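Q: Can you walk me through this one? I'd like the overall picture, then some details.

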Amino acid sequence: MKKAKQVQHMISKPFDLLSEELVFIILDLVAQSPSDLKSFSLTCKWFYQVEARHRRSLKPLRAEYLPRILTRYRNTSDLDLTFCPRITDYALSVVGCLSGPTLRSVDLSRSFSFSAAGLLRLAVKCSSLVEIDLSNATEMRDAAAAVVAEAKSLERLKLGRCKKLTDMGIGCIAVGCRKLKRVSLKWCVGVGDLGVGLLAVKCKDLRSLDLSYLPITGKCLHDVLKLQHLEELLLQGCFGVDDDSLKSLTHHCNSLKNLDASSCQNLTQRGLTSLLSGAICLERLDLAHSSSVISLDFASSLNKVSSALQSIRLDGCSVTCDGLKAIGTLCISLREVSLSKCVTVTDEGLSCLVMKLKDLRKLDITCCRKLTGVSITQVANSCPLLVSLKMESCSLVSRDAFWLLGHKCRLLEELDFTDNEIDDEGLKSISSCRSLSSLKLGICLNITDRGLSYIGMSCSNLRELDLYRSVGITDIGISSIAQGCCHLETINISYCKDITDKSLVSLSKCSMLQTFESRGCPHITCQGLAAIAVRCKRLTKLDLKKCPFINDSGLLTLAHFSQGLKQISVSETGVTDVGLVSLANIGCLQNIAAVNTRGLSPSGVAAALVGCGGLRKAKLHASLRSLVPPSLITHMEARGCAFLWKDYNNHNNSNTLQEQAELDPKYWKLQLEEDIEL
């Protein structure tokens with residue numbers, strides 16, 4: 001009898017049979033979905049308590065929630081406050097008091113309103129703090145930097161765009177934070193050679209140093225390149241780093257693996273040779289937008305790093321055929337090559353390069369407009385291990401070359417064929433790449449539903465699909481994708497004028513969908529939008545601009561079902577005040593665009609702005625600027641919201657004709673080519 005009662009008790013409380021360790025394992029799997037995690041924690045009181053003990057990372061939506069949230073989640077180690085633009089000293093004091101013993105990382109890169117006093121409380125209370133991100137603290141001065149130096153255990157520090165910091169503040173940090181391993185000073189324009197030199201002398205364990213856009217010269221690099229553990233050095237846009245300041249540089253920085261010298265306009269082959277002289281283990285080199293011509297002589301500066309070099313980026317450079325030949329011959333271990341917008345690249349140069357690079361994995365030849373099917377055929381034949389190929393606007397490449405790519409490069413995972421001549425047969429061949437996860441087919445005017453059906457049948461791992469202005473696509477093609485690619489996360493069908501609600505109903509089966517762009521699809525209505533809102537619970541970005549049949553009904557459905565939505569555009573739709581105000585029900589919403597939406601009134605816009613407490617960006621018509629109360633705008637800006645006032649006029653015939661032309665892909669493509677040539 002007693003045994004029967006025990007069995008009955010166990011059945012009535014089955015969760016008591018689970019150990020806390022087992023529940024932690026379950027939570028690790030559930031944590032990827034916020035809605036599932038919430039449902040789990042509300043199952044019973046014990047699950048609610050266990051979930052609180054398990055969670056380590058928090059990303060609050062409002063600063064005013066911090067006391068309650070941190071009281072519940074006492075084991076928080078990573079605190080992301082990027083959704084909270086207004087963080088006061090009191091808020092930082094709360095963080096220090098409630099999470100001090102466990103907190104290891106805090107992100108304040110999108111926050112303001114705190115001072116040195118608040119940072120001091122954080123640094124003193126959080127003795128285990130190893131990472132802090134203070135990027136974009138444009139008003140931060142040396143006094144605050146001196147306070148940061150109190151965080152003695154700090155290993156990772158980001159100070160990007162802290163433009164009022166000087167060498168004195170960086171010197172305080174260098175003296176106080178000897179354990180620093182990763183530091184970013186990007187755009188700290190008040191910091192020069194002295195501050196960087198102090199950092200290099202005092203912080204011997206530095207692994208990564210970002211000095212991009214600093215007014216430094218080669219003088220401080222003498223100390224930087226003596227760091228025995230330095231693996232990454234970023235010098236993007238350092239115009240003071242030139243040949244003369246590097247001529248006496250000698251170093252043996254054998255640990256350096258990643259060097260970014262992009263946009264260093266005063267650095268030529270001579271200076272680069274000095275910079276690379278001791279970096280014999282260099283694996284990644286970025287020389288994008290260099291002023292030098294990448295010729296045979298320039299390539300010779302890579303001699304000492306050629307054996308280990310795996311990635312080189314030459315975007316926007318003037319590249320000669322001989323230069324590419326030399327790189328191919330010297331750097332046979334290259335796995336990644338980027339030549340984006342290198343307009344001088346020819347078939348001969350690219351062919352000679354890839355013939356030598358049998359292990360090439362990633363190739364970017366975006367906007368290399370001189371290339372034809374000859375070089376792409378060579379790529380297909382020489383690089384069977386290719387996993388990523390970006391070749392937007394290579395419009396001279398023949399259709400046969402695309403067929404060969406699919407036939408030869410079966411390991412491809414990422415393809416960008418935007419503005420190319422690929423057709424259905426090319427897509428049929430590409431569909432043999434079973435690992436394909438990202439496919440961009442924007443402005444591909446030769447593809448139809450038949451080509452998409454091949455992708456849908458064979459590429460079940462597809463996560464991203466871009467069909468922007470590919471007007472040959474209809475509901476049939478989208479249905480094929482939705483049926484075969486159930487893991488789809490991002491799709492762009494903007495200006496595919498024949499798309500209707502049927503496509504949206506089909507796509508609603510893709511429960512992982514996060515980004516949906518349907519700008520300029522005139523046949524989409526609230527019925528299709530409702531299907532997406534109800535079934536795609538992970539939706540975060542939605543573009544409905546120029547969808548005239550989208551109205552309040554669709555937004556009311558979104559407000560109820562799409563609680564994770566962060567960005568929405570309802571410009572030039574049928575939305576009125578009722579629909580816009582309903583969006584205030586979405587706590588995560590950060591960006592709203594509502595330009596030329598005639599149903600909106602100043603009072604309705606004002607009500608929506610007040611209701612959307614987490615708004616970071618609002619794009620509105622310029623005519624509303626004088627009609628919305630100035631005090632409200634000031635209040636929103638103080639809360640961290642930026643306004644973009646757009647003055648579009650849709651009431652004259654010329655604009656009507658322009659809109660009609662915009663929907664014609666051939667006209668639009670011709671206009672794009674003319675703009676690029678100019």
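A: Here is a quick tour, from the overall shape to single residues. Keep in mind that this is a predicted model.

Q: How many helices and strands does the chain have?
A: The chain has 29 helices and 26 strands.

Q: And what is its radius of gyration, against that of a compact globule?
A: The chain has 28 Å. A compact globule of 678 residues would be near 26 Å, so the value agrees. The C-alpha trace spans about 80 × 75 × 65 Å along the principal axes.

Q: What share of the residues is buried?
A: Buried residues are 52% of the 678. The accessible surface comes to about 29500 Å², and carbon and sulfur atoms hold 53% of that.

Q: On to the inside. Which residues touch the most other members of the largest nonpolar core?
A: Leu159, Leu233 and Leu441 do, in a core of 197 residues. Helix H6 (residues 89-99) gives the largest share of this core, five residues. There is also a second, separate core of seven residues, with Leu27, Val30, Leu37 and Val50 among them.

Q: Stay with Leu441. What is it in contact with, leaving aside neighbours within four places in sequence?
A: Leu441 is in contact with Phe417, Ile422, Leu427, Ile447, Leu452, Leu465, Asp466, Leu467 and Ser470.

Q: Now helix H23. Which of its residues are buried?
A: In H23 (residues 526-535), they are Cys526, Gly528, Leu529, Ala531, Ile532 and Ala533.

Q: What covers them?
A: The cover includes helix H22 (501-507), strand E22 (541-543) and helix H24 (552-561).

Q: Switching to the surface. Which residues make the nonpolar patch of about 240 Å²?
A: Leu22, Ile25 and Ile26 make that patch. Ile25 is in helix H2 (residues 20-30).

Q: Why does Ile25 count as exposed?
A: Because its relative accessible area is 52%, and exposed means over 50%.

Q: Is Asn596 buried or exposed?
A: Buried, with a relative accessible area of 16%. The cut-off for buried is under 20%.

Key
Residues are numbered from 1 along each chain as its sequence is written. This is a predicted model: local features need pLDDT of at least 70, side-chain atom pairs count only at pLDDT 80 or more; totals for chains, interfaces and linings use all residues. Side-chain values use heavy atoms; hydrogens and water are left out. Patches are made of residues with over 30% relative accessible area and no salt bridge: like charges are joined within 9 Å, nonpolar side chains (Val, Leu, Ile, Met, Phe, Trp, Tyr) within 5 Å. Accessible areas come from the Shrake-Rupley method with a 1.4 Å probe; for residues, only the protein chains shown count as cover. A salt bridge is a side-chain nitrogen of Lys or Arg within 4 Å of a carboxyl oxygen of Asp or Glu. Helices (H or I, at least four residues) and strands (E, at least two) are DSSP runs, numbered from the N terminus. Buried means under 20% relative accessible area, exposed over 50%, partly exposed in between (1.4 Å probe, protein chains only). A nonpolar core is a set of buried Ala, Val, Leu, Ile, Met, Phe, Trp, Tyr and Cys residues joined through side-chain atoms within 4.5 Å. Contact means heavy atoms within 4.5 Å. The radius of gyration is taken over C-alpha atoms; the globule rule is 2.2 Å times the number of residues to the power 0.38.
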